[in-house]
Amino acid sequence: MLKILSASQIRQADAYTIKHEPITSWALMERASQAFVDEFCTHVSMEQTITVVAGMGNNGGDGLAIARLLRNKGYQVKPVLLQWQGKLSEDCEKNLTKLSDVVQVVSPEDFSAPKTDVLIDAIFGSGLNRPVTGGLAKVIEQLNRSSAMRISVDIPSGLFADEVNSEGEIVRADMTITFQCPKLSMLLPESGIYAGELKIVDIGLHRAFVEQLGGHYHYITKAVEKLFPQRYKFQHKGNFGHVQVFAGILGKIGAAYLCAKGAMRAGAGLLTLHAPQCAMAILQTSLPEAMLTLDDDYAHISSSGILDKTNVVCFGPGVGTHIATVEALRGLLESYSGPLVIDADGLNILSEHSELADMLPVNTIITPHVGEFHRLFGEHSHGLGRIETARQQAMRREWIIVLKGAHTAIVAPNGNVYFNSTGNPGMATAGSGDVLAGVISGLLAQGLSPLEAAQLAVYWHGKSGDEAAKNVGKLSLMASDLLEFLPKSNLNV
């Protein structure tokens, strides 16, 4: 996991690193700029023209250092320094002297966005705490109107690091190469849209100091793969858990299939799927590996008997909200207190019958998308408010809340939040969440803790989506592609 630092904590980590490595502030800026350039060069060819637009502070100093390093590599780089009042920061001034013969110094009022292939935005950094207005806002407007690819240094200029902006102009980057860790605002839908594709580069801040800093927010990295269950020679299917899924209604049996197959693709040893009678021919044909129990009702689920050897129950994909299904969920909660995943219509039932939410056992995993979250906990105007409500609810009820989105957030009972790093917009398609509920259930059945199962499942689900996008494209990606690419997504399992 990568700790997500606030703007204040980043300044503290910079200062501590400078003092205790020891290293000068200018040398640390040079290291950060080199890390930016190393990443940048993997995306931009030497044939493309580049303009760096730098401000007067340390972000501008980064920009000027980046311009110099790129010119040394042979790139065609034009550096532009915006100067509006006062003095440059000390390190920005030092970098200016190293490029003084090629830097164009202009006021915001005289700035005109040049014709160029790539614009590097280095006007403001993560310490900005006021909306950008006036002449600088007009500069950003010009950058946003440019047809050039926009790449921001550390953070898009005008974006606050730790909250959602409501005012001021913000650079709408195609890519942000950010230092050390993502900034919280980049992971929220209303502000993250400005960051574009997110790349994180390590600039060598003092690791021990960073680790002891407080904070609730974390970023899931490849290291989560170590949680994957291992298999040994003499194990059998009984060693890998039995999942019982309650899913499907007439017209939505596909949700049951996607969830159940997700659990089996995730490694569950046994799976029993309880569905309406109308599902029999479909599921027995499409998923012969699953055992099937049929409800007494033809069209919907009206009963919820738990099998003796069930290790995990998943309830909700495509079940509808029929009153008989509501009562089936009530009966399940009265008789079962083991590992539980509630998804989709199961959540909609909870939002309409709050007394059932009060019956959920400790460590239940719920998996709402934004609409379901609002039905459960009330409307929110932005993602930061949703995250805070999720934290309060997870702590109060001792649930794990998987709030789905571009950077799905797993909220733990201790209030910690883990943002996912994998996935792509092609996964915004019907059935994707059903697969995720199944994957969570399958991992949970193999002995992972509820939090571990949620973290690994979300990461793996997103990784399979990334692999699918490489093969079928984001536009054509379907939920069933996620099932195909789960075993092909470069995990050592």
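Let us start with helix 3 (residues 58-72), which lies across strand 2 (49-54), strand 3, strand 5 (118-122), strand 6 (149-153) and strand 7 (175-179) and runs at about 145° to strand 5. Here helices (H or I, at least four residues) and strands (E, at least two) are DSSP runs, numbered from the N terminus. Axes are lines fitted to C-alpha atoms, for helices over the stretch in contact, and angles run from 0 to 180 degrees between N-to-C directions; contact means heavy atoms within 4.5 Å.

This is a predicted model, where local features need pLDDT of at least 70, side-chain atom pairs count only at pLDDT 80 or more, and totals for chains, interfaces and linings use all residues. Residues are numbered from 1 along each chain as its sequence is written, and side-chain values use heavy atoms, leaving out hydrogens and water.

Now look at the sheet under discussion: seven strands form an open sheet with parallel pairing, in the order 4-3-2-5-6-7-8. Two strands pair if DSSP finds at least two bridges between them. At the edges are strand 4 (104-106) and strand 8 (197-201), each pairing on one side only. From one strand to the next, the twist averages 20°. Strand 3 (residues 76-82) and strand 4 run parallel, joined by three bridges; L82 has V106 in strand 4 as its bridge partner.

Next comes a mixed open sheet of 11 strands, in the order 1-9-18-17-16-15-14-13-10-11-12. Its edge strands are strand 1 (2-3) and strand 12 (291-294). Helix 8 (residues 253-265) packs on this sheet, touching strand 10, strand 11 and strand 13 (312-315).
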